[in-house]
Structure formats: structure tokens, C-alpha cells
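Hello,

Here is the structure for you to look through. Please open it first, then read my notes below.

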Amino acid sequence: MRIIKVKSYEQMSRQAANIISAQVIIKPDSVLGLATGSTPIGAYDQLGKWYKKGDLDFSKVTTVNLDEYVGLSGENIQSYRYFMEKNFFEKINIKKENTFVPNGTAKDLVAECTNYDDRIKKLGGIDLQLLGIGVDGHIGFNEPSDCFEKSTHVVTLHESTIAANSRFFDSIDDVPKKALTMGMVSIMQAKKILLIANGKQKEEILNKALYGPITPQIPASILQLHPDITIIYSEV
Ligand code: PGA
């Protein structure tokens, strides 16, 4: 486990973007596992800038996102598919057909979950998984629970997650109560993991996750068992 402490959100974003771009340069057909939320926006922005400069080529890259809200279509501006289009995919030359986000409006959500896992398997797994961390220790939308959920599954969001994410919605009542999330197997089988976090409010949970007992009550604690994980943390 490598822990890199930096001084600002900008530094965190730049270093994360460096690691992601190194991955894409070394393996142009990489499968990148991607995350949403406030944390990765700066890294996506930086990657977009480097692409524009001509330093990066995403034409052979495939992406699989961690999660999506149940009930929101990709056209909904609150959906994670929309977030990815606006914050990353539109800024680079990735092929739309090579970008995967769970479908939160699938008629059969269980089948959608199984198909998502099959797709990741068919792609040969994830080369580099980018993760944020929730204040309750979630990764993707794997919420604290009595067991680690292995596969992609439907999850009922915890109140703290709904409260944290309500900042993106007009009202807390508009935040979907359920989501689809990649499970722990696909995340833990990623060849490399890059976890980024910023802000004092993430410090306590990060310490518990990285140095405390490995428990499904703190889903991110399972990452202690990953052989190749880098954490970049900025206090501000
Ligand atoms: P944030 O979310 O980047 O918006 O803080 C992180 C997460 O919930 O995984």
C-alpha cells in the first residue's frame, strides 16, 4: 500500500491523472474502472487537457463505471452516465461503445447486474480501478453491511450517503434511494487500485479503513488486502 499525502485538491488530481495516463500510455487498450463524485472531477479535467495537448490517446481504452442510481436514465443530468459524459468522455477521444455504466433503468435489474459482471469478465478484468471513498467508508455504492457483497448488485443507499449526495439535487427527496454497484470481486481483482480522497471530513474514515480491522461495516477496509493500491489524500 502506497500512501501519498499532498497539499491540495489540484495536486491530488494531477497525481491521479499522472497515474491514469501512465496506465494508458503503457497499455493503450487498458480497461479503466471509473468513479463519480466530486473527488475525481479534477483528475478527469486534467486528463482532458493532456488529451487536447496531444499527449494521450483513449481510442483503444474501455471504461467500466462503479455504479449508477436506480431509476435514472443516461439523459438525466443527475445520472452517473451523464456525469461521465460531461466530466470526462466528451473531453477525450474514447469510443462511446467502449464506455460502460450500469443501466439504472433496466427492466430486470438483477439481470443487468449479472450482465455487468459478465462484461467485466469478458474484458479480462480491470487494469486500473479509480475509487473515491464515502464518509461511511463505502466504495462504489458498497455500503456498510454485515457482509462484503461479491457481485454487482442492487443496494439501498444509507441515509448518510443520501444526505451527502443531496448537494447535487434540488432537494434531498429527489435523491434516488437505490443504486446498482459493482461488487467487491471486480474491484479487488483489478490489477491496480488508485483511491483518491480530499478534505478533513474524509480523514477519520480513511484512517479506519486503512489501519483498522477489515470489516464489511467499513467496506473500504477490504482494500488493505489488495496487493497494488495507491492512495492519494489531500487534507483540503
Ligand atoms: P465524493 O464521493 O467524491 O463526492 O466525496 C465519494 C464517494 O461517495 O465515493
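We start with T63. T63 sits in strand β3, residues 62-65 (strands are DSSP runs of E, at least two residues, numbered from the N terminus). T63 is buried, with 1% relative accessibility (buried means under 20% relative accessible area, exposed over 50%, partly exposed in between, with a 1.4 Å probe and protein chains only). Leaving out residues up to four places away in sequence, T63 contacts L32, L34, F89, I94, N98, T99 and F100 (contact means heavy atoms within 4.5 Å).

A note on the model: it is predicted, so local features need pLDDT of at least 70, side-chain atom pairs count only at pLDDT 80 or more, and totals for chains, interfaces and linings use all residues. Residues are numbered from 1 along each chain as its sequence is written, and side-chain values use heavy atoms, without hydrogens and water.

Next, the cysteines. C147 is partly exposed at 43%.

Last, the ligand. Residues around the ligand include G37, S38, T39, H138, R167 and K202 (a residue counts if one of its heavy atoms lies within 4 Å). A ligand oxygen is 2.4 Å from a side-chain N or O atom of T39. A polar side-chain atom of K202 is 2.7 Å from a ligand oxygen. Alone, the ligand exposes 280 Å², and the protein buries 84% of that (areas by the Shrake-Rupley method, 1.4 Å probe).

Best wishes

Methods:
Helix = DSSP H or I, 4+ residues; strand = E, 2+ residues; numbered from the N terminus. Polar contact = N/O pair within 3.5 Å; in protein donor to acceptor, adjacent residues only side chain to side chain.
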